[in-house]
Amino acid sequence: MYRKSVIAALITAGLAVGLSSCSSDDSPPATRSPATTSAFTTTVSPFGAEAVSDLGVKIERDNAAAVVEAVELRGGTPDQALAALLASEAETGWTSGLSMAAPATDIRDVFGWRFRYNIAADSTDAVRAATDTFMDNSATISINAADPVAYALAVQHADPRGYNEKEHFYKNGETSNSEYTAALPKAQAAYAELRGPQ
């Protein structure tokens with residue numbers, strides 16, 4: 001009887017060792033990464049922290065891409081594209097078709113002008129039309145585009161509609177120079193995201 005108990009104990013121990021060594025050959029169980037536990041992934045960009053489905057951020061990014069593409073189609077340089085991005089971010093946050101402050105009832109294009117295009121507001125067509133105007137005005141100035149703030153402001157001031165900064169910045173005493181300077185890092189990050197670092 002004692003002999004049978006020892007044999008049974010040895011067999012049980014052997015099986016336990018065998019099973020544990022077999023299980024150590026198996027891959028460790030898969031763990032879910034934080035990205036797979038959520039329906040949306042989060043990324044940070046100059047257009048905001050976005051969930052993949054965030055329509056507002058997508059519109060801003062599409063508008064910024066339309067600005068860059070419009071400059072490139074006109075034969076513009078990367079410096080000019082950056083200046084155009086800078087102006088559009090400083091003026092309207094890359095969003096076309098913004099309503100102007102009361103009592104005005106007009107709409108602003110992406111560069112902060114009263115919207116007078118024969119196309120739908122809040123569209124990339126409006127962004128392209130506004131950027132074409134920006135490029136038309138850029139042909140009339142002699143400032144170097146390597147200084148994007150000075151260049152973008154010179155282009156805006158060269159617009160035949162006349163640039164009245166109080167019409168463009170009217171909330172808390174902002175000036176065009178302060179707003180354009182503050183927008184520069186965001187415009188640089190946007191250009192790098194859209195076209196890669198230069």
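Student: At what angle do the axes of helix H3 (residues 78–92) and H5 cross?
Tutor: A word on the source: this is a predicted model, where local features need pLDDT of at least 70 and side-chain atom pairs count only at pLDDT 80 or more, while totals for chains, interfaces and linings use all residues. Residues are numbered from 1 along each chain as its sequence is written, and side-chain values use heavy atoms, with hydrogens and water left out. Axes are lines fitted to C-alpha atoms, for helices over the stretch in contact, and angles run from 0 to 180 degrees between N-to-C directions. The axes of H3 and H5 come within 9 Å, and they cross at roughly 70°.

Student: Are H3 and H5 roughly parallel or roughly perpendicular?
Tutor: Angles under 35 degrees count as roughly parallel, over 145 as roughly antiparallel, 65 to 115 as roughly perpendicular and the rest as oblique. H3 and H5 are therefore roughly perpendicular to each other.

Student: Which residues of H5 make the contact with H3?
Tutor: Contact means heavy atoms within 4.5 Å. On the H3 side, the contact is made by Gln80, Leu82, Ala83, Leu86, Ala87 and Glu91. On the H5 side, the names are Pro148, Val149, Tyr151, Ala152 and Gln156.

Student: How many residues in the contact of H3 with H5 are nonpolar?
Tutor: Ala, Val, Leu, Ile, Met, Phe, Trp, Tyr, Cys and Pro count as nonpolar, Asp, Glu, Lys and Arg as charged, and the others, Gly among them, as polar. In this contact two residues are polar and one is charged, and the nonpolar ones number eight.

Student: How many of the residues of H5 are buried?
Tutor: Buried means under 20% relative accessible area, exposed over 50%, and partly exposed in between (1.4 Å probe, protein chains only). The cover over the buried residues of H5 includes H3, H4 and helix H7 (176–195). H5 is mostly covered, and the buried count out of its 10 residues is eight.

Student: How many helices and strands does the protein chain have?
Tutor: Helices (H or I, at least four residues) and strands (E, at least two) are DSSP runs, numbered from the N terminus. Along the sequence the pattern is α-β-β-α-α-β-β-α-α-α-α. That gives four strands, and the helices number seven.

Student: Is Trp94 buried or exposed?
Tutor: Trp94 sits in the loop between H3 and strand S3 (98–99). Although not a glycine, Trp94 has a positive phi of about 60°. Most residues other than glycine have a negative phi. At 0% relative accessibility, Trp94 counts as buried.

Student: What is the volume of the largest cavity?
Tutor: On a 1 Å grid over the protein atoms alone, a cavity is a set of points where a 1.4 Å probe fits but cannot get out, and a pocket is an open set with protein on both sides within 12 Å along at least five of seven lines; lining residues have an atom within 4 Å of a point. Grid points are joined across faces, edges and corners, and a volume is the space filled by probe spheres set on the points. The structure holds one cavity of 30 Å³ or more. The volume of the largest cavity is about 30 Å³.

Student: Which helix gives the most to the lining of the largest cavity?
Tutor: Among the lining residues are Phe111, Trp113, Thr133 and Arg161. Helix H4 (124–138) and helix H5 (148–157) each supply at least two residues. With four residues, the one that gives the most is H4.

Student: Which element gives the most to the lining of the largest pocket?
Tutor: About 210 Å³ of space lies in this pocket. Its lining has 13 residues, and Glu91, Thr92, His168, Tyr170 and Lys171 lie nearest the centre. H3 and S3 are the elements that give two or more residues to that lining. Giving the most, with three residues, is H3.

Student: Is Ser176 buried or exposed?
Tutor: Ser176 lies in helix H7. Leaving aside neighbours within four places in sequence, Ser176 is in contact with Leu153, Tyr163, Glu165 and Phe169. At 4% relative accessibility, Ser176 counts as buried.
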